[in-house]
Amino acid sequence: MRRVYLDNNATTSVLPAVFEAMQAYFGRRFGNASSIHHHGQETRAAVERARESVAGLLGCRASEIVFTSGGTEADNLAIFGLTKPGQHVISSTVEHHAVLNSCKHLELSGCEVTYVSVDGHGLVDPDDVRRALRPNTRLITVMMANNETGVLQPVEQIGKVAAEADVYFHTDAVQAAGKVAIDVKRIGCDLLSISGHKMNAPQGVGALYVRKGTSLRPMLHGGSHERSRRAGTENVPGIVALGKAADLAREALACGELEQMSQLRDRLEQTILREVECTGVNGKGAPRVPNTSSIYFDCIEGESLVIALDLKGLAVSTGAACSSGAIEPSHVLTAMGMPPERARGSLRFSLGKQNTPQDIEFALRLIPPTVARLRELSPIYHHGFVSR
Amino acid sequence: MPSPRTIAVAMSGGVDSATVAAMLCAEGHSVVGLTMQLWNQRRLAGHEGMPESVQGRCCSLDDVYDARRVAETIGIPYYVVNHEERFERDVVRPFVEQYLSGRTPIPCSLCNNHLKFDQLLIVAQQIGADALATGHYARVEFDEPLGRWLLKRPSDRSKDQTYFLFGLTQAQLSRTLFPLGGMMKPEVRQLAKHHGLALAQKPDSQEICFVPGGDYKKFLDAYLAEQGAALPDTSGELVTSNGEIVGDHGGIHNFTVGQRKGLGVATGSPLYVIQIKGDTRQVVVGHQEELYTCTLRVRRTNLISVEDLREPMRVTAKIRHRHEGAAALIEKSGDDEILVSFDQPQRAVTPGQAAVFYADDVVVGGGWIA
């Protein structure tokens, strides 16, 4: 069966060039980067080259990059590494669970957290962030791009709010890295998280940008790895892969590859909206990353649509991936003011570098008849039509 | 051999439904495994009497894991679908309300009617399957002369689950497969082993899936506490059938008709719960012989082998799952109401339970005991 993957916000495939770059570090170049000898020097050099590549992608110094096991660890390190009981944190209602649940945990340990709400497009108002400031505010953590809708938050304006108030600003850029240009200076953030597997490197590696001079308490204690900010022997193949992926992402951003992706996304989105009635784009009125489209299909369960499409070879998702495979209505969409039924009838399409125009045509051939079949069997759809 | 079809299998994580999936797959059908996530087993954790983790029951992560392993072993696509909201609305709340009004509910029948053969059947059709197969021990057949789908008792009488399936409509039965209807349980386990299923020896589950340890009283407490409600005061008097007050009780939900233990009344001869009066919160107690009645009425009826009950009909009626059935005459006694008259008086007719009618192996229909 032909299979098309449009769930790149869940994870991406490792690009061949990335795989090739990391391969040697599983075999021939196996040293511990902390060792004195030749083997250690070889891997140390590779880790530091990768650090420079990641720094190049984010517009910072190599020394400001801390490698982690992924986006979740980077978010946790930023949030728990900066805060103490009695302090105040500002976040938003549409964050990824890596940030949201970390904030919930902070609340249990004596911090106060304000969750700034979003408008119908999914946008945080920087003035709301300003109004939420308190004398004891320590940290603002607002994501750069949303994983479900692709909506880009006004992080530069939030950065200004943070700078004026002299509080730390962290942004989870896991879904932005490789999709839009990132410059930590322009954003004005002190910390920024990225994840390897969302940008064509493997799962199990990520990085946190930590602005020079930021006093961050480590979460993992042990050796003095990563300038004592993250103990533990480096995941060298993963780090090398992240470095290579960062190089490729920079090139792609420079040569207009993302515009092509954006055109494919728009073709998918516009055709669905035209051919399938009672649909709409979530977060349409906001700037978005070029690969993501969150679309609601009224009167159907998104879960059933995902299954029906998967059985025909199209991989998409209802929103955030969940380990049990079972879902709650998306907290992101409900925070945007969407009724739970519409949130449950929403699907996320997220494109990747490997997607071709043929993939989009394949998806467009499947989606309208599959939605029609689901609606035909949906008691709510017919009822909805009578009452409309 | 029947021509290959696309069949969804409701997989609970148990050996029966796993074997169904393996059998249908081996027969060449295109099989899709589905598990319904119905109740978050961690939801009431921490409330008194609720365990921290629940194993080996429907909807526990372990069961999803087991079902997923089976799907991997036999090589079929597998999905978990979430119906927690509907389950709470149509099964859990009625379960709680019934107990609080002095009735003894059967959540499994409600789940079959409202979830498995309704919501899940819809999902099955939506994803392109033309039938839903389950691991129930029952048979479904189309009867040409009658022009009706029949629900029949299975070969393995000790596993007969038709009592819980009396609510199935013709439309539901027409899209349902019970592949284990002609098999004995040991054969099923043998077949599971033959197909290399790791759970071939997994013990059967007997309890209500959302009531850990089978202690429904603790569940009621925990559920109501979670809802921010205290258990309403359903305490009242223990009375005899001629109205004499013989004591007090702590709440009608603690009783079921026929119960002997825990009445807290000491008399010469053993006392039983004869009746629970939801409106006055009285529990009527009496002697063994008062437990026997000749008639009962059922409401919210469903008829399967006949379209309507135009004239009285001789049947064997079962008034609880473990009841062996007794000869009775059934007749329509009102709109959506059937009067059941037994030849011999029956012990402990319990409101909230179902009465299911059989003509030999065929399920005629049934209803909820009023």
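How many residues of domain 1 of chain B are in contact with how many residues of domain 2 of chain B?

**Entry 1: Basis of the model**

I note that this is a predicted model, in which local features need pLDDT of at least 70, side-chain atom pairs count only at pLDDT 80 or more, and totals for chains, interfaces and linings use all residues. Residues are numbered from 1 along each chain as its sequence is written, while chains are lettered from A and ligands numbered from 1 in the order in which they are written.

**Entry 2: Domains of chain B**

I looked up the domain assignment of chain B, which gives domain 1 (6-135 + 179-217), domain 2 (236-286) and domain 3 (292-369); such bounds come from an automatic or database domain assignment. I then returned to the opening question: six residues of domain 1 of chain B are in contact with eight residues of domain 2 of chain B. Contact here requires that the C-beta atoms of two residues, placed from the backbone, lie within 7 Å. I found that the domain 1 side of chain B has two nonpolar, three polar and one charged residues where it touches domain 2 of chain B. By these classes, Ala, Val, Leu, Ile, Met, Phe, Trp, Tyr, Cys and Pro are nonpolar, Asp, Glu, Lys and Arg are charged, and the others, Gly among them, are polar. The centres of domain 1 and domain 2 of chain B, taken over C-alpha atoms, are separated by 37 Å.

**Entry 3: Strands of chain B**

I examined strand S13 (residues 313-318) of chain B, which pairs in the antiparallel sense with strand S14 (residues 326-334) of chain B over five bridges. Strands are DSSP runs of E of at least two residues, helices are runs of H or I of at least four, and both are numbered from the N terminus; two strands pair if DSSP finds at least two bridges between them. Within this pairing, B:Val315 stands opposite B:Ala328 in S14(B). S13(B) is also joined by three bridges to strand S16 (residues 354-359) of chain B, and these two run antiparallel. There, B:Lys318 stands opposite B:Val356 in S16(B).

**Entry 4: B:Trp368**

I located B:Trp368 in strand S17 (residues 362-369) of chain B. Is B:Trp368 buried or exposed? B:Trp368 is buried, because 23 other C-beta atoms lie within 10 Å. The cut-offs are 20 or more other C-beta atoms within 10 Å for buried, 12 or fewer for exposed, and partly exposed in between, with C-beta atoms placed from the backbone. Not counting residues up to four places away in sequence, B:Trp368 touches B:Val298, B:Arg299, B:Arg300 and B:Ala354. The C-alpha atoms of B:Trp368 and B:Ala354 are separated by 4.4 Å, although the two residues are 14 residues apart along the chain.

**Entry 5: Helix H4 of chain A**

I turned to helix H4 (residues 97-108) of chain A and recorded its buried residues: A:Ala98, A:Val99, A:Leu100, A:Ser102, A:Cys103 and A:Leu106. Their cover includes helix H3 (71-82), strand S3 (88-92), strand S4 (112-116), strand S5 (137-141) and strand S6 (168-172) of chain A. Just after H4(A), A:Gly110 takes a positive phi of about 95°.

**Entry 6: Chain A and its interface**

I noted 15 helices and twelve strands in chain A. Of its 388 residues, 53% count as buried. Between the chains, 13 residues of chain A are in contact with 15 residues of chain B. H11(A) gives the most to the chain A side, with six residues.
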